[in-house]
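Hi,

Here is the structure I promised to pass on. Have a look at it first, and my notes on what turned up follow below.

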Amino acid sequence: AMQSLPDTISFEKDALYPEGVEYDAGSNRFLVTSLREGIVGAVTPDGNYSVLFQDSNMVSAIGIRIDEERDRVLVCNSDPGPSIHSKPETHGKLAGFVVFQLSSGSLSKYIDLASLSESGGHFCNDIALDSNGVAYVTDSFSPIIYKVDTENNASIFLQNDKFTGEGFGLNGIVVKDNYLLVAKYNDGTLFKFPLEDPQKFSQVSIEGTYPGADGLLWAADGSLMLIANAQTNKVLKLTSEDNWASAKVAGSVDTGQVFATTGKEINGELFVLHAMLHVLFNPETKEHVNTFEIHKTTF
């Protein structure tokens with residue numbers, strides 16, 4: 001039977017700052033990453049948090065994707081600075097793709113994506129998984145999308161200077177049939193990449209831009225949920241009638257100042273992670289946040 005979830009799942013862990021969220025249907029629990037600790041934890045529907053996956057290479061755990069069919073959990077590892085494990089040699093230069101076994105919690109593979117390119121900065125951000133288990137991964141500090149197959153072979157899927165810029169660039173990513181859609185965080189734009197020829201990308205035409213465009217996810221009805229923080233602080237429901245050459249905003253919900261990063265659709269309901277990263281990234285912060293929320297969002 002389908003488990004029903006409370007409208008708000010509130011959980012406590014000192015200064016966790018969870019950036020990514022997944023739902024483990026087999027165990028009816030959420031998995032959340034941590035920008036400050038580089039760990040992956042489980043959150044039960046009643047709000048109990050426990051650490052599941054950790055590895056000494058992990059600095060900040062960012063995007064996360066469960067591949068249930070292959071008993072894998074895929075996690076992005078980066079070092080934007082405010083982690084307790086941050087060091088000068090990895091700060092702003094780290095893009096690790098980490099594969100854990102879902103059933104055991106053990107590390108299967110650690111892949112250094114940053115070593116695939118000569119470019120300067122690196123930040124492994126988000127992961128899209130196609131039906132064959134191939135992962136597409138965004139780098140927010142280099143204009144790169146990586147591809148990692150089920151044998152853990154990693155390559156550069158696309159590199160194009162159009163996606164450089166100040167701060168965080170390419171971020172949320174989803175895959176469909178024969179294309180990717182990717183959000184660019186700093187200017188709040190959305191791009192479509194054909195899988196067969198990614199350099200033939202196009203910008204999705206939408207009325208307005210949404211700086212802070214972070215997480216993307218497909219809803220069961222075929223619409224695209226865009227979760228934006230920073231200057232935007234909204235969850236937007238996007239629809240398209242021309243295969244994502246253009247899109248329109250079919251609904252939007254204000255999240256407020258919670259730094260909503262991404263979410264997960266469960267049984268047709270959207271749950272959004274309130275990561276509170278603005279508190280972590282603010283150098284003036286004296287008191288860290290210790291309670292975080294996964295919040296049901298309805299349009």
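This is a predicted model: local features need pLDDT of at least 70, side-chain atom pairs count only at pLDDT 80 or more; totals for chains, interfaces and linings use all residues.

Strands (E, at least two residues) and helices (H or I, at least four) are DSSP runs, numbered from the N terminus.

Residues are numbered from 1 along each chain as its sequence is written, and side-chain values use heavy atoms, with hydrogens and water left out.

**The chain overall**

The chain has one helix and 25 strands. Its radius of gyration (taken over C-alpha atoms) is 17 Å, close to the 19 Å that the globule rule gives for 299 residues, so the chain is as compact as a globular protein of that length. The rule in question is 2.2 Å times the number of residues to the power 0.38. Along the principal axes, the C-alpha trace spans about 45 × 45 × 45 Å.

Of the 299 residues, 57% count as buried; that means under 20% relative accessible area, with exposed being over 50% and partly exposed in between (1.4 Å probe, protein chains only). The chain exposes about 12400 Å², and carbon and sulfur atoms supply 44% of that. Those areas come from the Shrake-Rupley method with a 1.4 Å probe, and for residues only the protein chains shown count as cover. As for contacts (heavy atoms within 4.5 Å), residues 24 or more positions apart account for 49% of those with a separation of 6 or more.

Another open sheet has five strands, ordered E8-E11-E12-E13-E14, with mixed pairing. Here the edges are strand E8 (93–94) and strand E14 (154–159), each pairing on one side only. Inside that order, strand E12 (residues 135–139) and strand E13 (residues 144–148) run antiparallel and are joined by five bridges, with Thr 138 opposite Ile 145 in E13.

**E9 and its partners**

Strand E9 (residues 96–101) is worth a look. Five of its six residues are buried, so E9 is largely enclosed by the rest of the structure. E9 pairs with E7 in the antiparallel sense over six bridges, and Asn 77 stands opposite Gly 96. Five bridges join E9 to strand E10 (residues 107–112), again antiparallel, and there Gly 96 stands opposite Asp 112. E9 and E10 make a hairpin with five residues between them, and Gly 105 in the turn has a positive phi of about 80°.

**The cores**

A nonpolar core here is a set of buried Ala, Val, Leu, Ile, Met, Phe, Trp, Tyr and Cys residues joined through side-chain atoms within 4.5 Å. The largest one has 54 residues, and Tyr 17, Phe 30, Val 32, Phe 97, Leu 113, Val 137 and Ile 294 touch the most other members. Apart from it lies another core, of 17 residues, including Val 204 and Tyr 210. Leaving aside neighbours within four places in sequence, the contacts of Phe 97 include Leu 74, Ile 111, Leu 113 and Val 137.

**The disulfide**

There is one disulfide (a pair of cysteine sulfur atoms within 2.5 Å). Which cysteines does it join? They are Cys 76 and Cys 124, at 2.1 Å from S to S. The torsion about the S-S bond is about -50°, so the disulfide is left-handed. Cys 76 lies in strand E7 (residues 72–78) and Cys 124 in strand E11 (residues 122–129), so the pair ties together parts that are 48 residues apart in sequence. Cys 76 is buried, at 0% relative accessible area, and Cys 124 is buried at 0% too.

Asn 48 is in the loop between strand E4 (39–43) and strand E5 (49–54). With a relative accessible area of 47%, Asn 48 is partly exposed. Not counting residues up to four places away in sequence, Asn 48 touches Ala 42 and Val 43.

Cheers

Definitions and conventions: Two strands pair if DSSP finds at least two bridges between them.
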